[in-house]
Amino acid sequence: MVTVKFCIVASSVWLSVLRFITDGMLGKLTRWLRMLGHDVTYFRSADDEKLVELARSEKRVLLTRDHELYQQAAARGLEAVLVEATDEAGKLADLAGRFGFRLEIDMSVSRCPKCNAEIEAVPKEVVVDEIPEATSMYYDDFWRCPACGQVYWRGAHWKRIEKTLEEAKSRLGRM
């Protein structure tokens, strides 16, 4: 016997494939969401009309800190979120609570924080000439963006990433 459970989700967005569009005020959040594996289109400078139209045509959730833009999108029936938290852990906790995504980085689904392409694992030998010599001595796991060529590894900055995610999880638990 197989038991299947269904739940009703308030959001019209599929939880397995979250697609966002962010405005110029959310560059850091964009990078975080991409690392978490979400498809995020970011516009450093685009007018409100263009953002609303792209959100509609590409079926993306609009994330913004701009109250007026949020109201315009909501008035047109688009799914939009007014991001009110002031720090990244708070922003991530709020969004994870709303959309039900995990606050853990899985490199097999992570996207390039710079350009949004899906990153790929690569052998160290392939990138050894592109990374600092000390990095090649201390790290063995590397990923590359096939679109922009950026190389990634879990370096010293990884502790800060984990700290931010742990703080976000803690805040999510208090919601």
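In which sense do β1 and β3 pair, and over how many bridges? They pair in the parallel sense, over three bridges. Two strands are taken to pair if DSSP finds at least two bridges between them, and the elements I name are DSSP runs numbered from the N terminus: helices (H or I, at least four residues) and strands (E, at least two).

Colleagues, this is a predicted model, in which local features need pLDDT of at least 70 and side-chain atom pairs count only at pLDDT 80 or more, while totals for chains, interfaces and linings use all residues. Residues are numbered from 1 along each chain as its sequence is written, and side-chain values use heavy atoms, with hydrogens and water left out.

Let me continue with strand β3. The bridge partner of I21 in β3 is L62. L62 in turn has A80 as its bridge partner in β4; β3 and β4 (residues 80-82) run parallel and are joined by three bridges. From β3, V61 and L63 point one way, L62 and T64 the other way, and all are buried. Buried here means under 20% relative accessible area, exposed means over 50%, and partly exposed lies in between (1.4 Å probe, protein chains only).

I turn to helix α1, residues 27-35. Seven of its nine residues are buried, which leaves the helix mostly covered. They are G27, L29, T30, W32, L33, R34 and M35. What do these buried residues pack against? Their partners are the strands β1 (19-22), β2 (39-42) and β3 (61-64), together with the helices α4 (88-99) and α7 (158-174). Just after α1, G37 adopts a positive phi of about 100°.

The crossing is right-handed, a term used if the near helix is turned clockwise from the far one by less than a right angle, with anticlockwise being left-handed. On the α1 side, K28, L29, W32 and L33 make the contact, and on the α4 side E88, K91, L92 and L95; contact means heavy atoms within 4.5 Å.

Next, the aromatic residues. The structure holds two aromatic pairs. Rings of Phe, Tyr and Trp (its six-membered ring) pair if their centres lie within 6.5 Å; planes under 30 degrees apart count as stacked, over 60 as edge-to-face and the rest as tilted. F20 and F99 have ring centres 5.5 Å apart and planes at 75°, so this pair is edge-to-face. It links distant parts of the chain, with F20 in β1 and F99 in α4, 79 residues apart. Both F20 and F99 are buried. The pair of F142 and W153 is tilted, at 6.0 Å centre to centre and 55° between the planes. F142 lies in β6 (residues 142-144) and W153 in the loop between β7 (151-152) and α7, 11 residues apart. Is each of these two residues buried or partly exposed? F142 counts as buried because its relative accessibility is 1%, whereas W153, at 22%, counts as partly exposed.

Finally, β6 belongs to an open sheet of three strands, in the order β5-β6-β7, with antiparallel pairing. β5 (120-122) and β7 stand at the edges with a single partner strand each, so one side of each lacks a neighbour in the sheet. Three bridges join β5 to β6, and E120 stands opposite R144 in β6.
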